[in-house]
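Subject: Handing over the structure

Hello,

Here is the structure I promised to pass on to you. Please have a look at it before you read my notes.

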Amino acid sequence: HYEKAYLHLREGNSLRKKQLGYKPAKDVEYFERVKACILSEHDGFNPKQVRGAPTPIFIVGMPRSGTTLVEQIISSHRDVVGLGELTLIEDLATPMRLGLEKVSVDSLTRLREQYLRAVTNMSGGSSYIIDKLPHNFFFVDILSAAFPEASIIHVRRDPAGVCWSNYKTYFSSSGLGYSYDIKDVVMFYELYADL
């Protein structure tokens, strides 16, 4: 009963969008602010190794693109532990990303040290950790500057599959408000692809 099911999905998503108060214009504005603050280079930053800290592996992309599967595959290695969707980078890097804090040797050093200290405590002594918050794609330039030793894996999937999967999934998080209207999902995907 696909048609009937879709009507219920659309009605439920409409209620969730209203509940979250999602406004597409805010995402458009956020992407524009991000693009205005992209690092073109980061000369002068030569990060120090943090003793005993694991090497990060960042998995980024759109939600529902396969980031969890990639994390599961890589974390099956004995030297790797998957830490799931950490919000540490988002918390630490957003001020730099939005131009509220200058990107400098000091700010990158602070981000690096705070992040590595936190993940070292979670790593259980593993040599590598995986941080798979998909929306860390907003920070790839900052990640590559602060963690030159890290691997960054960008997971991509067929756009129609990603958009449909986002639309039909209920997220308990309030940060994925674009998922509850098919036009909003497509708009967000296009903004992401452009970025």
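Below are my notes on what turned up in it.

First, some background: this is a predicted model, in which local features need pLDDT of at least 70 and side-chain atom pairs count only at pLDDT 80 or more, while totals for chains, interfaces and linings use all residues. Residues are numbered from 1 along each chain as its sequence is written, and side-chain values use heavy atoms, with hydrogens and water left out.

Let me begin with the charged pairs. Searching the whole structure gives 7 salt bridges (a side-chain nitrogen of Lys or Arg within 4 Å of a carboxyl oxygen of Asp or Glu). One of them joins Lys17 to Asp181, with 3.7 Å between the closest N and O atoms. This pair links distant parts of the chain, 164 residues apart: Lys17 is in helix H1 (residues 2-20), and Asp181 is in the loop between helix H7 (159-167) and helix H8 (182-194). Helices here are DSSP runs (H or I) of at least four residues, strands (E) are runs of at least two, and both are numbered from the N terminus.

Lys17 also forms a salt bridge with Asp184, at 2.7 Å from N to O. Here too distant parts of the chain are linked, as Asp184 lies in helix H8, 167 residues from Lys17. Asp184 is buried, at 7% relative accessible area, whereas Asp181 is partly exposed, at 24%. (Buried means under 20%, exposed over 50%, and partly exposed in between, with a 1.4 Å probe and protein chains only.)

Another salt bridge runs between Glu101 and Arg110, whose closest N and O atoms are 2.4 Å apart. Glu101 is partly exposed at 23%, and Arg110 is partly exposed at 40%. Through shared partners, salt bridges join Lys17, Asp181 and Asp184 into one network.

Now to the strands, which pair if DSSP finds at least two bridges between them. Strand E3 (residues 128-131) pairs with strand E1 (residues 55-61) in the parallel sense over 4 bridges, and Pro56 has Ile129 in E3 as its bridge partner. E3 also pairs with strand E2 (residues 80-82), again in the parallel sense, over 3 bridges. There, Val80 stands opposite Tyr128 in E3.

I hope this helps you find your way around.

Best wishes
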